[in-house]
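Here is a brief report on one protein model. Look over the sequence and the fold first, then read on.

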Amino acid sequence: MGPTPTDTVAGCYLFCTITDSDNYATVETKFDITLEQFYQWNPSVGSSCTNLWIGEVYYI
């Protein structure tokens with residue numbers, strides 16, 4: 001597992017590591033979640049998901 005943003009919600013148990021082929025839409029599709037859920041669990045990505053970083057690990 002790679003680096004995890006410091007503001008990730010406590011108690012997370014399912015994560016994904018972002019690759020160069022990922023964007024918010026691919027994460028949404030792969031894991032059947034909404035942007036609102038993803039942002040709630042990973043506030044550092046920003047409300048429009050502009051801070052999604054390759055190699056970072058996010059709660060899904």
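Does F15 count as buried, exposed or partly exposed? At 27% relative accessibility, F15 counts as partly exposed.

**Basis of the model**

This is a predicted model, in which local features need pLDDT of at least 70, side-chain atom pairs count only at pLDDT 80 or more, and totals for chains, interfaces and linings use all residues. Residues are numbered from 1 along each chain as its sequence is written, and side-chain values use heavy atoms, with hydrogens and water left out.

**Overall layout**

The protein chain has 2 helices and 2 strands. Along the sequence they follow the pattern β-α-α-β. Helices (H or I, at least four residues) and strands (E, at least two) are DSSP runs, numbered from the N terminus.

Of the 60 residues in the protein chain, 35% count as buried. The accessible surface of the chain is about 3700 Å². Carbon and sulfur atoms hold 54% of that surface. The areas come from the Shrake-Rupley method with a 1.4 Å probe; for residues, only the protein chains shown count as cover.

**Aromatic pairs**

A pair of aromatic rings is described by the distance of the centres and the angle of the planes. Rings of Phe, Tyr and Trp (its six-membered ring) pair if their centres lie within 6.5 Å. Planes under 30 degrees apart count as stacked, over 60 as edge-to-face, and the rest as tilted. By this rule there are 4 aromatic pairs. Two of them are set out here.

| Pair | Centre to centre | Angle of planes | Class |
|---|---|---|---|
| F15 and Y59 | 6.2 Å | 65° | edge-to-face |
| F38 and Y58 | 5.7 Å | 55° | tilted |

The pair of F15 and Y59 links distant parts of the chain. F15 is in strand β1 (residues 15-17), Y59 is in strand β2, and they are 44 residues apart. Y59 is buried, with a relative accessible area of 13%. Ring pairs also bring in W41: F15, W41 and Y59 are linked into a cluster.

What does the pair of F38 and Y58 tie together? F38 lies in helix α2 and Y58 in strand β2, so the pair ties together parts that are 20 residues apart in sequence. F38 counts as buried, at 0% relative accessibility. Y58 is also at 0% and counts as buried.

**E28 in helix α1**

E28 sits in helix α1 (residues 24-31). Its relative accessible area is 31%, so E28 is partly exposed. Leaving aside neighbours within four places in sequence, E28 is in contact with I33, T34 and L35.

**Two loop residues with positive phi**

D32 is not a glycine, yet its phi is positive, at about 50°. D32 is found in the loop between α1 and α2 (35-41). This residue, D32, is exposed, with a relative accessible area of 70%.

C49 is another residue other than glycine with a positive phi, near 65°. C49 lies in the loop between α2 and β2 (57-59). Here the relative accessible area is 12%, so C49 is buried.

Key
Buried means under 20% relative accessible area, exposed over 50%, partly exposed in between (1.4 Å probe, protein chains only). Contact means heavy atoms within 4.5 Å.
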